[in-house]
Amino acid sequence: MDIFPAIDLLDSKAVRLTKGKKDSAKVYGAALDFAKFFEDCGARWIHIVDLDGAFNGSPRNLEVIESIANHTTLHIQVGGGIRDEDSIKRYLAIGVHRVILGSVALQNPQWSKDMSLKYPIAISIDSIDGMVATHGWVNVSSMEAVDFAKSFRGTDVRAIICTDISRDGLLSGMNFDLAGQIRESSGIYTIVSGGFSGIDDINNARLRNDIDAIIVGKAFYEGKIDFKTIRF
């Protein structure tokens with residue numbers, strides 16, 4: 001199982017939101033400093049969300065992300081407001097390794113599948129009560145997360161990132177059951193996000209055979225987990 005430290009970017013700073021609400025942002029500091037620390041701890045990947053991009057519909061923090069690509073050896077997956085091919089190309093050109101499609105994947109699933117034939121693409125499935133939410137978690141659709149994941153079965157999509165919004169930022173434990181259902185229905189490498197609470201979540205995930213990776217965000221920034229003591 002892989003562990004992805006997370007950096008959420010708002011106004012070029014590393015922040016965390018609670019349940020995706022912009023006015024809940026807590027600023028932690030410089031993104032590059034955190035990325036270098038994650039690298040020193042043994043992380044191989046980093047998960048970056050451009051919150052400005054998610055709220056505005058196009059990438060906003062390219063310079064910060066490029067600096068992480070240039071000053072670390074981390075593999076970077078990034079999402080937030082990526083809704084056209086030019087944005088995908090721009091990210092890959094600055095050293096990003098995998099690009100995450102969220103809202104656009106629900107609006108135009110065939111285009112997203114087509115992009116996965118050409119580029120390293122992950123699909124973000126964010127859900128509330130099992131239903132897919134989009135546009136910075138503002139809009140809740142009538143599509144069930146598990147059914148949406150199943151629609152990508154057999155495609156070239158590299159990963160699915162599933163977030164239970166009701167748990168995000170609350171340190172309440174991850175929704176492994178939903179992630180397991182998404183993994184089973186899609187057959188795609190599945191990364192769980194939302195609600196990581198501490199070492200017990202890592203241990204529990206490693207006991208399962210349907211969890212490929214987890215994302216650790218707020219728990220790190222709030223001192224609930226020491227990355228120097230875990231195996232990436």
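In this predicted model, the charged end of Lys 113 sits over the ring of Phe 152, at 5.6 Å from the ring centre. A second contact of this kind involves Trp 45: Arg 98 lies over its face, 4.3 Å from the centre of the ring.

Phe 152 has a relative accessible area of 0% and is therefore buried. The ring of Phe 152 also takes part in an aromatic pair, with Phe 148. Phe 148 is buried as well, because its relative accessibility of 3% falls under the 20% cut-off.

The structure holds 13 aromatic pairs. Two of them are set out below.

| Pair | Distance between ring centres | Angle between planes | Geometry |
|---|---|---|---|
| Phe 148 and Phe 152 | 5.2 Å | 80 degrees | edge-to-face |
| Phe 220 and Tyr 221 | 4.9 Å | 75 degrees | edge-to-face |

Why are these pairs called edge-to-face? Planes over 60 degrees apart count as edge-to-face. The planes of Phe 148 and Phe 152 are at 80 degrees, so that pair is edge-to-face. For Phe 220 and Tyr 221 the angle is 75 degrees, so the label applies there too.

Phe 220 is buried, with a relative accessible area of 14%. Its partner Tyr 221 has a relative accessibility of 11% and so counts as buried.

Phe 220 and Tyr 221 also belong to one aromatic cluster.

Key
Residues numbered from 1 in each chain as written. Predicted model: local features only at pLDDT ≥ 70, side-chain atom pairs only at ≥ 80, totals over all residues. Heavy atoms only, no water. Phe/Tyr/Trp six-rings, centres within 6.5 Å; stacked < 30°, edge-to-face > 60°. Buried < 20%, exposed > 50% of the residue type's maximum accessible area, 1.4 Å probe, protein only. Lys NZ or Arg CZ within 6 Å of the ring centre and 35° of its normal.
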